[in-house]
Amino acid sequence: MKIGNKEFDTKHNTYVMGILNVTPDSFSDGGNYNSMDKALYHTRDMITQGAAIIDVGGESTRLGYTLISDEEEIERVCPVIEAIKREFDIPVSLDTYKGGVAKAGIESGADLLNDIWGLQYDDVLGKVVAETKVAYCLMHNRKEKNESWGLSDFMNQMAEDINRALSYGISKEAIIYDPGIGFAKSQEQNLLLIGNLDKYTKEEYPVLLGTSRKSVINYVLDVPVDERLEGTLATTAEAVFAGAAFVRVHDVKENVRFINMLERTRSKWVK
């Protein structure tokens with residue numbers, strides 16, 4: 001698939017999306033990169049380390065997060081997107097579920113919209129994606145947890161989510177699907193979806209896995225946020241083995257090296 005001016009072989013590779021939170025309150029790195037100099041320095045680091053996409057977020061979606069206005073979110077993300085596109089040759093993703101922010105972000109240079117609500121929050125967003133023809137990642141999410149659902153229920157909602165995107169006129173070739181680890185799910189459901197990635201990576205749409213430093217790792221390993229690298233890498237291994245197209249991570253260097261080694265060793269045996 002094409003994102004910005006880059007082609008991605010989503011059938012044969014797993015690419016790293018580097019997280020750039022320009023927020024004061026994100027769960028693991030809030031306040032670290034919410035100035036222009038720090039944001040660009042971190043972007044340069046992630047590109048050097050092998051990131052294929054930079055994902056810019058202006059509003060924390062941690063548990064109990066505070067909703068901010070479109071205007072405040074635009075003020076946070078658009079100057080950063082413009083600066084990244086000016087300074088570097090890399091596709092930029094904008095992490096937002098709001099139509100007004102999406103429109104402003106695309107005008108600033110965003111190549112991909114990363115929507116945690118899968119078009120369940122704002123009708124304008126779907127129209128913006130369809131009209132501008134940018135790439136679009138929609139995430140599995142729901143307003144309330146339902147701890148009784150299983151894999152078949154997830155697959156059914158995945159189909160509903162995809163059909164919702166198509167109903168707006170979004171191209172099939174533009175769609176990426178994210179199973180939404182950590183959103184409206186029990187920890188056992190999170191583990192179920194990670195462990196069964198191969199069931200839905202075989203579908204028509206590229207899959208993005210976002211587990212970096214999340215609470216599901218703490219659930220298994222009982223470790224704080226700054227000690228979740230090994231757990232993240234284990235889920236990255238699941239992504240590579242299952243054929244996921246993207247992993248969204250904080251620790252770019254380690255994940256890139258890990259994926260490179262896995263892909264090279266697997267290529268000897270897996271034909």
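# Exercises on cores, salt bridges and a helix

**Exercise 1.** Which residues is threonine 96 in contact with, leaving aside its neighbours within four places in sequence?

Solution. Contact requires heavy atoms within 4.5 Å. By that test, and with neighbours within four places in sequence left aside, threonine 96 is in contact with Glu73, Val101, Ala102, Leu113, Asn114, Asp115 and Leu125. Helices (H or I, at least four residues) and strands (E, at least two) are DSSP runs numbered from the N terminus. Then check burial, where buried means under 20% relative accessible area, exposed over 50%, and partly exposed in between (1.4 Å probe, protein chains only). Threonine 96 counts as buried because its relative accessibility is 1%. Last, a polar atom of the threonine 96 side chain lies 3.3 Å from the backbone nitrogen of lysine 98. A polar contact is a pair of N or O atoms within 3.5 Å; within protein, one must be able to donate a hydrogen and the other to accept it, and residues adjacent in sequence count only if both atoms are side-chain atoms.

The model is predicted: local features need pLDDT of at least 70, side-chain atom pairs count only at pLDDT 80 or more, and totals for chains, interfaces and linings use all residues. Residues are numbered from 1 along each chain as its sequence is written, and side-chain values use heavy atoms, with hydrogens and water left out.

**Exercise 2.** Which members of the largest nonpolar core touch the most other members?

Solution. A nonpolar core is a set of buried Ala, Val, Leu, Ile, Met, Phe, Trp, Tyr and Cys residues joined through side-chain atoms within 4.5 Å. The largest one has 64 residues, and Leu20, Val56, Ile84, Leu113 and Ile170 touch the most other members. Helix H2 (residues 70-87) supplies the largest share of this core, 6 residues. Now take isoleucine 84: not counting residues up to four places away in sequence, isoleucine 84 touches Leu20, Leu40, Thr43, Ile54, Val56, Ile90 and Val92. A second, separate core has 14 residues, including Ile3, Phe8, Leu208 and Phe246.

**Exercise 3.** How many salt bridges does the structure hold, and are lysine 6 and aspartate 89 buried or exposed?

Solution. A salt bridge is a side-chain nitrogen of Lys or Arg within 4 Å of a carboxyl oxygen of Asp or Glu. The structure holds 11 of them. One joins lysine 6 and aspartate 89, at 3.0 Å from N to O. Lysine 6 is in strand S2 (residues 6-7) and aspartate 89 in the loop between H2 and strand S5 (92-95), 83 residues apart. Lysine 6 is partly exposed at 27% relative accessibility, whereas aspartate 89 is exposed at 53%.

Compare aspartate 251 and arginine 213, whose side chains also meet at 3.0 Å, N to O. Aspartate 251 is buried at 17%, and arginine 213 is buried at 17%. Finally, a network of salt bridges links Asp55, Asp95 and Arg248.

**Exercise 4.** What do the buried residues of H4 pack against?

Solution. In helix H4 (residues 123-132), the buried residues are Leu125, Gly126, Val128, Val129 and Ala130. They pack against helix H3 (99-108), strand S6 (112-115) and strand S7 (135-139). Just after H4, lysine 133 has a positive phi of about 65°.
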